[in-house]
Amino acid sequence: MAKMTLEELRKLRENKKIELDKRDTEGKSIHIIIGMGTCGIAAGAKESLDAFLEEIDKHNIDNVTVKQTGCMGLCYVEPTVEVKVPGMPDTIYGNVDGATAREIITEHVLAGKLVDKHIFDRPAKDIVKE
Amino acid sequence: MSTVDIKINGRDITVAAGTSILNAAKLAGCKIPTLCYHSDLEPWAACGICVVKIEGNPRMVRACSTLVSEGQNYITQDPEIHSIRKTVIEMTLADHPQECLTCGRNQTCELQRLSAEYGIREIPFDRNVKRLPLDKSTPSIVLDPSKCIQCGRCAQVCQQLQDVWALEFIGRGEKTRLMPSAGVLLNESPCIKCGQCSAHCPVGAIYEKDETDIMRAAVQDETKHVVVQIAPAVRVALGEAFGMEPGTIVTGQIYAALRRLGADAVFDTNFSADLTIMEEGSEFVERVVNGKGELPQLTSCCPAWTDYMEKYYSDMIPNFSTAKSPMMMQGAITKTYYAENQKIDPKNIYSIAIMPCTAKKFERIRDENMQASGYDDVDLVLTTRELARMIKTAGIDFLNLKEEEADSPIGQYAGAGTIFGVTGGVMEAAVRSAYYLITNEELEDVNITAVRGMEGVKAGVVDIKGTKVKVAVAHGIANVKSVLDEVRAAREAGKEPPYHFIEVMACRGGCIAGGGQPYGTEDDVREKRIAGIYKDDEQSEVRCSHQNPEITQIYKDYLGKPMSDKSHHLLHTHYTPRKVYTK
Amino acid sequence: MAVKNYILVCGGTACESSKATEIFNALAAEAEAQGVIDDIQIVKTGCFGFCEKGPIVKILPEEAFYVEVVPEDAKEIISESIVKGRMVERLLYIDEEDKKKGDFDIEDIKFYQKQVRIVLRNCGFIDPEKIDEYIAREGYVALEKVLFEMNPDGVINELKESGLRGRGGAGFPTWMKWNFTKGVKNDQKYIVCNADEGDPGAYMDRSTLEGDPHSVLEAMTIAGYAVGANMGVIYIRAEYPLAIERLEIAIKQAREYGLLGKDILGSGFDFDFEIRLGAGAFVCGEETALLRSIEGNRGMPTPKPPFPAVEGLWGKPTVINNVETWANIPMIILKGGEWFRGIGTERSSGTKVFALTGKINNSGLVEVPMGTTLREIVFDIGGGITGGKKFKAVQTGGPSGGVLTADFLDTPIDFDELTAVGSMMGSGGMIVMDEDDCMIDVVKFYQEFCVDESCGKCAPCRIGTRKLYDILSKISKGKGTHQDLENMETIGNAMKKAALCGLGQTAPNPILSTMKYFRNEYLEHIDDKVCKAGKCKDLVKFEIDPDKCIGCTVCARKCPVNCISGERKQPHFIDQDQCVKCGECYAACKFGAITKS
C-alpha cells in the first residue's frame, strides 16, 4: 500500500468504521474474537483458536469470522473469547479450552444457546463508544 | 563567565555558573565529605556520603553531581544530614573487612579517614564481609575484591581517562564486582598495568604488587652488587610520603636513603633519559630528515602506552620509536658498560629501578629484549610508594638526610632527562637535541613551552631552521585516540601525516602522576610536581641531553654513536601485535 | 429451535450471597410453569459490578435491567417480560440523578461499571495486528489534528490542561517534561517509551502494547511534533516477545500507510521508530538507567540533574514516558484536556490501570478513574477475597510501595493520597492479601527482589537492601530484636535520602509502611516468636495430638523427610528437629489430629 494522504486516511477510516459497526465483513455476520495477549496464549488461547477453526470447518459454517485481539483484562478466566451472533447478546466467555470452543460452536453459534457455564459479561464500559 | 549567587549554610557566596555544590562549598570553606568522588573523574554519585539539603526541599541531593543554581541556600551539615551520612558509612564499614592494621592503605585509606572524622565507634549492623580470591595475575597490580567498596573509581579511570576498559562492573546488587569483563583475570584482560586504578582506589582493594622484601633480601646478599636507579618523577613526589609539599625536589636525599638501604651504587634514570634522547632523537632525524621510516614517530618510553598500542593500535608499530625506555636502557648499560667499567661480573649485579609506575614492573619482563645484557637488565622494580615504605621501615630519618650525589659513570643528568617525568617533557628534550642533531647548532631558548601544561592534547609546530616539525603531545590514554585517528585517516587517504612526532604518556600529567606515586594525586598535586620537575630542569647546569658529559663519554668509550650496532643491540627493541583479551 | 429471550442472573459472590441461586431456580420453575421454558435460556453470569443493587437480573435482547430482585419476583418477570414482552416497572433500575426509570442501555447506568477505559480502550476490541481496525476506532485522528490543526505549544497546552501525570510511578506532570525538552535548542531530540515493566505482578504495559500498539506509536509521534523530535525509541523487555512482535507489525503498517517516516500525511513532519530490547533488569525501568542501557552501557542510573528532558539519550533532550502515559495521549488530544481533567480527582486526572492480583476473586487488569476507592476495586470489581476470607491489606506500588490496610479501604486512590499514607502509585501492581498472609513474609519477598535487582552502583541501596533483607530473615526466624526494628528504620531512612535512584529510595517503603501499620505483627515475631499466618516456617510448629491421632500412618507416608514415626494404630510423633514445616501432614490428616502453631 502506498503512503496515504490525509483524505485517503479519512476515507479509509470511514469505511472501516462502518465495517466495524456492522461487524459484517465480507458477508460474515458471526464474530468470534479471541483474547490473544501473552496471558491468553499462556492459558491456551492458541488451542482454543485451533478448536474453533476445526469445528467451523467440520460443520461447514461459512459466515463466521475468527479474529484475535489483545488482553480483555479478565485474567482470572483466560482464555477469553467474545462471541457476537446477530440476534443474540454479545457474550464474553472465559476459561475457553478446546472442548468449550467446540461447545460454543455447536451450542451458541449453531443452536442459539448460550454456554452458560462459561459466560462472563463484558467487564468494562467503553467510554470511547459514541 | 557567568556567575550565580548562592548561600552555603546561609552565608552568601558567588561562584561560577556550572560549579558543583561540592566545589562551591569548598570555596566557602566548607568541606563536604566524599568517598567515591575524585576530582579527576566525572562525579559517579555512588557512595551517598556527600548528600546535602537545599533549603525548602525535603529531599537530599548529592553535592558532587548537583550544580548550584541561583538563589539557593545549601545546607551542608545538620543533625539529619549527619545521621544519614553516618548510617551510610556504618553500612559501608559493616561490609568491609576492617583489617586496617594489616592493610596497605593503613593511614592513607579514605574510608578509614572518613570513619575517624565521623567518630564511628561501633557498627550497629550485622557484618557481611565477603571473602573473595585475590587477582595477582599481573606482575604489577593486585586486586583484592574483598576490600572493594564498589565506589567505581577504578573502572571510571580505566574507562574514561585511560580508555582501556580492563575493569568493569560485573554482576548486580550485592554481587557487584569491579573486575575485568567476563570474569577473566587481569592479565588476560586489556589491562595495560598503568596502575591508575590503584592510584585512585580510596581503600586497599587495588594496590601495587609489593616487592620490597625482594630488595631487602638482595641487599643482604653479599655476593650481589646492588645498583639502584631512580626515575625522574620519583624525586618530586617521594617527599609527600614524609609530609613534604608535593613538588619538593628530594633527589639527593633519595640517593642517600638508597645507600642506607644497602645499595652499592646509586644511578639516575635521568642519565638514560638523556641516552634515550640521543637514540630516539637520532632515529627521528633519520625519519624526518633522511626519510628512513614511517612518520610520525611515536615515543615508546611509557610501557603502559606501549602495551596499549600493541593491543589497540598495532598498525602503528612501524611508527614506534624502537628506542627502549630509559629504565631498560639504564638496566642494559648497567650490566654491560658499567660492569666492564667497574670490572664487576654482570651476573653478580642486581639492578633495581625505583619508578613512579606499576607498568614498569611488567616492562621489565615484557619480552626477551629486556635481557640485552644476557641477564635480566633490570632485576626488580619498586614503585615510589614501595620505596617510601622501605625507608620508613628501615627507620631512615628521611627529612634530615644530607643530600648525596649519584655514582658515576651513569648517574649524571641534563635537565632534558629530568623533564621526561612530565607530559611534554620527552618531546621538549627531543626537540632540544634534535635541533642540534639537525643543525649542529644549539637552541637559543631551550624552554619549549608549547608542549607544556595539562591540556589533554597539545599540538604545535617547531621550526628547526626552516624544517617545520609538527608535534603533538597526549597524556591520559583516552586523549591518544583523536590524535592517532587523525594519523590513520591521513594515511588511509594517502595524505601527508598530520604530525611528525607524537609523545604519549599513559597517565594524566605524565609520570609525575604515575600509578605508583604517593596517594592523593589530583590536579593541584600534579601541578606542584610538574613545577618541581621544571625547577629541577632549570637548576641543571646542562639542559640538553647531548651536552651531558657522561653521555658523551659513553658514546666515546662504548657505544660509538647513536643508532650504532651496539646501541641497537642494547638500547632498541621491537613490538608485536597483541590480543586485547588473551583468554 | 431458536431461543427467544435470554435471562441473565448475576452470579457474582455478592449477588450469590443474596440469593441469586434461589432466583435462578425460581425463574426456571416459573418458566416451566408458564410454558415458556423452551423459548428462553437462563444463565448465571459473572459479576455485573453493581453489587449494591444486587441481585440483578437482565433480560435480553430487550436489555431490561432489574435490580434488587428477590425469588418472589420470578413469577412476574416471566409473565411480564417473557410472556407479555413488557417491563416490570417496579424492578427497573432508577438513575438517582434524573429519576428516570427505564430500559437503559447497560452502559448508560452510572456506577454500573466501575471501570473507565481510556488506556485500554482498544484492548480486547480490535485486532492489534490490523492497523485498519485501530484507524476505524478514531486511530490517528489525534495525529491528524495535531499535524494539521495545532501548533506545538497548542499540543503542550492541551496536555497541561489535561493535568496528565506520568503513570510510571512518581506522577510527574507530563506536559512539564515535554515543555522542558521543547525549550532546549538542539538538532536532535528523542522520544522514548519506557516499556521495561518490571514490578512483580504488573503487566499493564505488556497488555497495552499487545492489545493496542498503535496508540503508543501515535502518541509518541505527537510528542515528536510537539517537542521537535524525529526519532522514537521504544525500550521494551526482551521477555515480552508478543508485544515486540506486535509493535514491529504496527510500525511496519504505519510506515506503509505513511503515518510514520518522511513527510507524514504530507504534513512535512518526519518521525520514525526504533525498538530496543532490555534484558530484564528491574533498574532499567529507572529512566536514566534505561537511557544508559539504550546507549549500550551497563544499565546503571546516573544522577539527576541533568534530567533526561534536557540531557537524555546520547546527551540529547529526551522525552521519556511509560506505556500507560503514552496510551492516554491520543484521547486527550481527541477529546480535549478539559474532558480528561473531568475524570479522576482534582490533582490526579484521568484513569489508572491496575493489575489486580493476589487473594482476589477476579484478578485481572482494571482501569478505573483516579479517586476510585480501594473498596470499589477490591470488592466491586475484584469480587472480593477468595474463599470469603478476611481482607488484610493491599500492596500497591510493588517493591517501591507500601501496604494499605482495611482502614484505607475508603481512601480515594490517586498519586497524592497513596503517597500520604506511605505507599505509592507505582506502575500499578495491586496485590490483595488476606488473613493468611504474613506481612513479614510478604515484605521479605519484596526485599529479596530489591536485593537481586539493585544495580549495585550506590552504597545505600546495594548494602541497605541486603541489610534489610537479613534483618527480615532474622525476624522471620524468631531471632529478631527490638534493635533490629530500630536498625531497619535507620537504614530505611538513609536509603530514602541517600540512594541514587528511585529504586533504592523506595526500596525500604514496604518495610517502613508495614512497620507502621502492622507493628504488632513484627512484635509477635520478635517477642512471642509467633507467625500467626503460619507463613514463617521457622516459627511454625506442627504437632500431633495423641488423643486425636488414630495411627492411620497417612501423615508418616506423606512426610517428605520421614520425620513422623509411630506404630500403626498408635499415636504418631513428629521429630521437631527434622521437620521442614512443609505442612503436608497437616493437610493430609483427616482427623484434625495435627495442630499448627
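**One residue and its surroundings**

Mentor: C:Ile42 touches C:Ile7, C:Val9, C:Phe24, C:Leu27 and C:Ala28, when residues up to four places away in sequence are not counted. Touching, or being in contact, means that the C-beta atoms of two residues, placed from the backbone, lie within 7 Å. This is a predicted model, in which local features need pLDDT of at least 70 and side-chain atom pairs count only at pLDDT 80 or more, while totals for chains, interfaces and linings use all residues. Residues are numbered from 1 along each chain as its sequence is written, and chains are lettered from A and ligands numbered from 1 in the order in which they are written.

C:Ile42 sits in strand β2 of chain C, residues 40-45. Strands (E, at least two residues) and helices (H or I, at least four) are DSSP runs, numbered from the N terminus. C:Ile42 counts as buried because 20 other C-beta atoms lie within 10 Å. The rule calls a residue buried at 20 or more other C-beta atoms within 10 Å of its own, exposed at 12 or fewer, and partly exposed in between, with C-beta atoms placed from the backbone. From C:Ile42 to C:Ala74 is 32 residues in sequence, and 12 Å in space from C-alpha to C-alpha.

Now the rest of chain C. Its domains are domain 1 (5-108), domain 2 (131-338), domain 3 (351-434), domain 4 (439-528) and domain 5 (541-596); such bounds come from an automatic or database domain assignment. The C-alpha centres of domain 3 of chain C and domain 4 of chain C are 22 Å apart. Where these domains meet, 11 residues of domain 3 of chain C are in contact with 14 residues of domain 4 of chain C. On the side of domain 3 of chain C that touches domain 4 of chain C, four residues are nonpolar, seven are polar and none is charged. Here Ala, Val, Leu, Ile, Met, Phe, Trp, Tyr, Cys and Pro count as nonpolar, Asp, Glu, Lys and Arg as charged, and the others, Gly among them, as polar.

Chain C also shows a helix crossing. The axes of α8 (residues 204-211) and α10 (residues 241-256) of chain C come within 8 Å and cross at roughly 35°. Axes are lines fitted to C-alpha atoms, for helices over the stretch in contact, and angles run from 0 to 180 degrees between N-to-C directions. In the contact, C:Arg206, C:Leu209 and C:Glu210 of α8(C) meet C:Leu242, C:Ala243, C:Arg246 and C:Leu247 of α10(C). The residues of this contact are four nonpolar, no polar and three charged.

One peptide bond in chain C is worth a look. The bond joining C:Pro305 and C:Pro306 is cis, with omega about 5°, and C:Pro306 lies in the loop between α11 (287-294) and β8 (318-322) of chain C.

Next come the partners of chain C. Two pairs of chains touch, and the most contacts are between chains A and C. Chain A and chain B do not touch, and their nearest C-alpha atoms are 28 Å apart. The contact of chain C with chain B takes 29 residues from chain C and 28 residues from chain B. On the chain C side, α16 (439-453), α17 (459-476) and α18 (482-498) are the elements that give two or more residues. The largest share, nine residues, comes from α17(C). By class, that side has 14 nonpolar, six polar and nine charged residues.

Chain B itself has 18 helices and 17 strands, and 55% of its 583 residues are buried. B:Gln107 is exposed, because 9 other C-beta atoms lie within 10 Å, whereas B:Gln150 is buried, with 25.

Chain A has four helices and five strands, in the order α-β-α-α-β-β-β-α-β from the N terminus on. Of the 130 residues in chain A, 45% are buried.
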